[in-house]
Amino acid sequence: MITASQKPINEIIELVEPYKKVLILGCGTCVKTCFSGGEDEVAVLASALRLSFKKMVRSIEIEELTIERQCENEFIQEASSGIARNDAVLSLACGAGVQALAKQFLKEVVLPGLNTTFIGIQESPGIFTEECSGCGNCSLAIFGGICPVTRCAKKLLNGPCGGSQKGFCEIDPDTHCAWHLIIERLTTLGQMDNLKTYIPPKNWNTSLSGGPRKLIREDHII
Amino acid sequence: MNQIKYQLPETRHTPSRFRNTIGKYIVKRNSNCISCGKCSEICPFGVHIKPDHHKSPFRPVEHNCIGFDCKNTDHYCIEHCPEDALTLKENPLLYTMGDYRWPPEMLLGHFAMAETGKAPHVDLEYNLGNSGGGFDMMRFIEPDPGVELTISDEEIDTSIDLNKTGDGRPLKTISIPCYGGGMSYGSTALSVIVGRARAAKRLNSLTCTGEGGYPPQFLPYKEHVITQVATGLFGVREETIQHCPIMEFKYAQGAKPGLGGHLLGEKVTKAVAKMRETVVGSSLFSPFPFHSVYSVEDHKKHVDWMKEINHSVLCSIKVSTPTDVDMVAIGAYYAGAHIIHIDGSYGGTGAAPDIAKKNIAMPIEYAIPKVHRFLVEEGVRDKVCLIASGGIRNALDVAKAIALGADGCVIGTADLVAVECVRCGNCESGRGCARGIATTDPELGCMIDEEYVEQRLVNMYMAWRKQWCDILRTHGLKSIKELRGRSDLLVHLDYLDEEERRKYQPAPRYKMVL
Amino acid sequence: MPQKYTILTKAALPRFYPVGKYATIEFRENCAGSCKECVKKKCVYDIFKDNYLHMSKMEEPEYLYTCNSCFRCIQECTKGIFSRVVNPEYREIGDEYWTPDVLNRTWYQAHTGSIPVSGSGYRGPFVGKGFDSMWTDMSEIVRPTRDGIHGREYINTCIELSRRPERLAFKKDGSLAIVVKPILEVPLPILFQQPDFGVQSREVLVSMLKAANTIGTKMFMNAADVYEDLIPFGPTIIPLIKKDTFKNYSELIDRVDMVEIEYEPDIEKAIISLKAINKNIIISVGLELRADLDYAGICVDLSKMDIDTIHVYANTNGREFESDNPRFIKDMLRDIHLALIDAATRQQINIIASGGISMAEHVNKIIICGADGVAIDLPLIIAMECRLCGRCKKGLTCPVDLESIDPLYGSNRIINLMGAWRNQILEMLGAMGLREVRRLRGEVGRSMWFEDLERESFAPIFGERKVSIDVG
Amino acid sequence: MKTFSHLHENLLQGKFVVTGECGPPRGANKAVIDKKISLLKGYVDAVNVTDNQTAIVRMSSIAASAHLVAAGLEPVMQMVVRDRNRIAIQSDIMGAYSLGIRNILCLSGDHQKFGSQPDAMNVFDIDSVNLVRTVRDMREKGKDMSGFVLDVAPQMFIGAAANPFADPFEYRVIRLAKKIDAGVDFIQTQCIYNIDRFKEWIKRANDEGLTERVYILGGVTPLRSAGMARYMNNKVAGMDVPSDIIKRMDGIGKKNQADEGIKICLETIEVLKELTGVHGVHIMAIEWEEAVAKIVEQAGLK
Amino acid sequence: MKINNTPKLTLFHCLNSFEETASMFDGCEMKTVKMACSSMTKDVHLLRAFEAGSDAVLVLVCSDKGCRYAEGSIRARKRVDYVKTILDDIGMDGRRLKIFNTSAKDYGSIKNIIQNTILELEIIGPNPALNHFN
């Protein structure tokens, strides 16, 4: 899923300050799962904003709504009338959701309430870790299902650097060295040979380095 | 008595249909867990499971946990956890579950029996309800230590004979002293009733169509399916009478005596309507009385008609329990019934006005001895099979009912509990049973498969059979037939001196929020 | 065919969320969030759907008022984050006698006008106190009056409030030799009575009167509360008066059909002067069932006076007043009924019982015990969503804003409740094979009593009972 | 006032300056550089040394610039942010300064997609505006980006590019202002063919007073052929070759097209000379350094 | 700003952590909210209490080991901590939100908690978002 965290509330206050009527629009998919943009978070943020505006002796009208997904037009439509009657939309969705709104609604102000962080998983309750950077060219098969591009701070492809110690990364003693994990796992799997072969420079053309990407499935286009 | 070894149907582990099971205890694992797997190594009950190829253990399987008793063993996970990551509590969910007649532990106990085919290993009180009267106050007496037999379960006879009249019709024998009560196609999902029929075949017992017709799916098990004739005559056809071993006339249902049946329009789907020869979506009423029966003579005509259609069929008369139930019973016998089936007022039902369930007619505990005694006095007790139902919840209720004078019992609710009914009572509201049991909703009705029903029922009855065998053995009996009418083996706590009473397990009596 | 008496009901949604029985416990922290299998989406009863609505408006915490207890959300949640608890507020409404369950079912009936129906068997204790220690009886086959759901409309639920002549006498020409008083009857054995606590705003009273008027019954209310603008309800009102002060209400007395005077010694004189004010008036005497009174004896005395009805009061829970070990109304009624039979006046006088009548079944049961009909008070306000929280007794605001209830709505709710009650009464009468509720009065043969059943069925087996039967 | 380079000095004196361009070789052959130096020396005030232009790997612009310095020709070292993160950029600037390089042109750089190695990961750690700011801060505050005080801070004359022909047109002047605010000293524009549009742009820049704060060198590229004209219009991003110029080239015989190109170039220079706010020309004779001498002489800029 | 004289408190509690008695609330206006389990007090409930004008909000939970749902009390505490940071961020002063482990039987200490809160409110001041239009 895509993880995100809520922007500091003061930043959000600044964002919405110019507007009198704001719709806080939650998204019931990824960001709900990481507790940053579901119904509950929308309610909390709305309440906090109302309080802080009251405190500033400012009036603001806040409407709350959470739709299933903000990155798909089908679902965005549900928010249509809500968006129309407000001055601005504070979107609690990932960046894709915010942009999908901006794409769909020509004249409405769309503000991001979240910082989109990464593609990851909930490793254990409350702990989310980045697992994939969407490089567009997956080589997890070689690395025993552990991604060095994402999880090695140096994106090294031909083995660990000299900085890892006791299985932890030199940049953060709480982060496992991805290469340590890869080696451990490949040893278990009996696939250490994978690491003996030379791995050529990665083609970054398929990643964001190649410019914004487009996925086209001709068979779905009529 | 010759030494027969009974072929018992095989029990098989049949877990819950649901993802999360309900346990008496809750076991929580918090984030301190380092996935060392210690808990899964020591727990013999499968609460903690960590397959070798998994990094971290599964969420605890709480319903297998034996709770605080575990403290005294060497496998108490809470203390063995090196990280203090485990917590054990009594599950507060139980306070919201069940009722006076079926307390939560009895429900859970039956779930466990239906899952494993054995008595639950968790300390659940599954034999006694919380109702404060009737079966819940009765106990089997402390047996004389000398009388206990040392024979295996296989050598104990739990069968009963249904035809004692000697009228030349088949001597139908069923291997357990109970059979399934009527549940109609329409009130209950098809897979459930067919599953019951399959179980009846494996158990060599019977199940009953209820008043809802005879779906063709019953045919492979027809030797084990009773056809019910009730006032609406829904789905009764000549051929269904021809291929059934027993024909049941339902005069009243214990849970709503004096009232007719009522199947809500929503439950009358296309298939149901076809079966009942009626229109889709229209509510179906069964009137209370048979409009053709206004006297015992009329009733006899009924019975004769049926016997004429099928020369080997046995006749069962199902009546409820008014004050004059004894008279009704004897009348039924003389009209030619092989089985007199009395249905007490605390039994189950698909839907009944609350006012009827609670207030009309008497509990089965009173009716059994009343009828038994009267039949004895009339000298016909051994000519007729007396079957009790309506509030028989567990193996001990069955045994107690037999000791009070019945030959056997009919089981309804417990069958449903075995397939995970929680008795929420919404059998007919909205789309019907949310748990997919008593429903014909196209979606909800597909939540259960026949095989699951069959095996869960076999499991439960095999667990019950173990209990019956234990009782019989400890009281020196080899056959459940010998237990019939042995009310001397029973005591009622309210009829004992204080001191005497202390020898027996006290009756659970706590206040519940209903 | 003559018009048959029916009570027309019309669904009346509650104005406030009824206090539901269950609340869910859900630790969202463990939630999988956007789980496709989310049980909240799949709830058969769509409970969570509504719940989200009040989540965003949220004035009060999130209870699942309409949870139907199927346990599926608990058992199917992919992360097992649900648990359930009995709503603490639910535990607290009502009291021992007026249990939350009674309130809930009353609300349901007032809402829908239908009788509570459920699946599965009976869920309660084997036997209880009071009305719960008796069962009504039915008969199996040979009672031709019982036609199930059909033919129930032929069952008559009328009762009289006027005195019945002992016997008719005729002159030689065939005309009546005695004066037959006009007959006053109500079409169902239930009268209304002003509750002795609770919100008593004009709207509340008008709601009750309107309902009584619509279904053709009458309502006992304090004469002092009968303001001028309630006079249009005149024939529906039975003013409650006292010996000392009734003269202040002579105008009112003149305009109503029936009046009730509180029992005091030497009541007879007052009755005579009442008749002087309105010679056709039907008189009821209200008698508190106090432990220090020989109420059966008093009733016998009263039955010999020129009155029509005796209205006996137990407390709200159906108990005797002023007693450390109060008896229950069913036993007290038995005594009174039998005393009147002994005095050979039972046929002439009517007995209305009130106190502790909380469910439809109690009406039948108390009639079996000897009453002609009942008067109810609390069910009326419960029908209008009262929670018996007792806040009004402390001068606090009413959580369901009873004082401003719209009488049209309020009466609708009460009519629904009465419609449902009457249907249940019919249900039982049908099962018992009776065509008339009047035939049920004193008909203990149509009942079974715990103590009798124990003696008959269990004593021959278990011997002497050592734990005394406590069903009073 | 301090002058940072000869180019700066010339501009300060109000001279209409000329800069040329020198693309380093795709290899380590210094002779190529030497040849280009010989072609340009004496004709221009400074020479831009491109930095892996069009993302094709070449000798580094620092090294090539150093060769120019050694040969006595003043380089304008181009630097793109595509290949270096901020760490490399700052260190390279310091290195360049130590080698005697005094002019820098701060650019974003062409995307590698069209270059020789499209698989490469690009950097774009900071953008060109920030690069300008970084160089300016080093010069003026003596600090690197982290705020560390440098013992000798590079003192460079800072240039940047501007493209009056890219869309949206309205924004082009705003962007120019933004670069000026960041501290740019001189601007070299994209090749000018659409002279009308350039006039409009410079007019707006004048109106905003921007041309008083920065030296603008108009970019010109002599067309070698009609094909080149068409190619530049169609394939090179941000290039605007009006159709009448293409037509004009087409109307000339193949042999004389190069001369015609130079002619067009000279005409453009003539216009530029007269425009207020234009302080010189930047002649980008791509791989045709011979043309520079010709143009400079014929335009009378020597 | 209008300052109300009697402090307004909202108290969230579960069945086992608190039992209401009248004399407990001398000197303040108290709204009590009985929860099925105090851990069901969601973030938004707490904020709404402030929106409704409370000067302080108290959450009473069972002891950490005493929670019927095993971890409810701990969760409630974490959630309260989170809301405190929100309150601090928006300048409402997180100190006006408090959580205590109590037991319904411990009448005295609950009374103390309430009185201390009232005293503390004299320092912190009334709800700064109170009494404004909107």
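Welcome! Start by showing chain B and chain C together: seven salt bridges are found across the interface of these two chains. Keep in mind on this tour that the model is predicted.

For one of those salt bridges, select Asp99(B) and Arg123(C) and zoom in. Asp99(B) is bridged to Arg123(C) here, and their closest N and O atoms lie 3.5 Å apart.

Next, colour the side of chain B that touches chain C. Which elements of chain B each supply at least two residues to that side? Select strand S12 (314-320), strand S14 (352-353), helix H9 (354-359), helix H10 (364-377) and strand S17 (490-492) of chain B, and you have them. Now colour this side of chain B by residue class: you will find 45 nonpolar, 25 polar and 20 charged residues.

Then bring both partners into view. Chain B brings 90 residues to the contact and chain C brings 78 residues. Together the two chains bury about 7600 Å², with 58% of that on carbon and sulfur atoms.

In which sense do they pair? The pairing is antiparallel, over two bridges. Click on Ala352(B), and across from this residue you will see Ser118(C), which belongs to S3(C).

Last stop: chain A. Select residues 2-118 for domain 1 and 135-210 for domain 2, as given by the domain assignment. The centres of these two domains of chain A, taken over C-alpha atoms, are 37 Å apart.

Definitions and conventions
Residues numbered from 1 in each chain as written. Chains lettered and ligands numbered in written order. Predicted model: local features only at pLDDT ≥ 70, side-chain atom pairs only at ≥ 80, totals over all residues. Heavy atoms only, no water. Contact = heavy atoms within 4.5 Å. Buried area = accessible area lost by both parts, 1.4 Å probe. Salt bridge = Lys/Arg side-chain N within 4 Å of Asp/Glu carboxyl O. Helix = DSSP H or I, 4+ residues; strand = E, 2+ residues; numbered from the N terminus. Nonpolar A, V, L, I, M, F, W, Y, C, P; charged D, E, K, R; others polar. Pairing = 2+ DSSP bridges. Domains from an automatic or database assignment.
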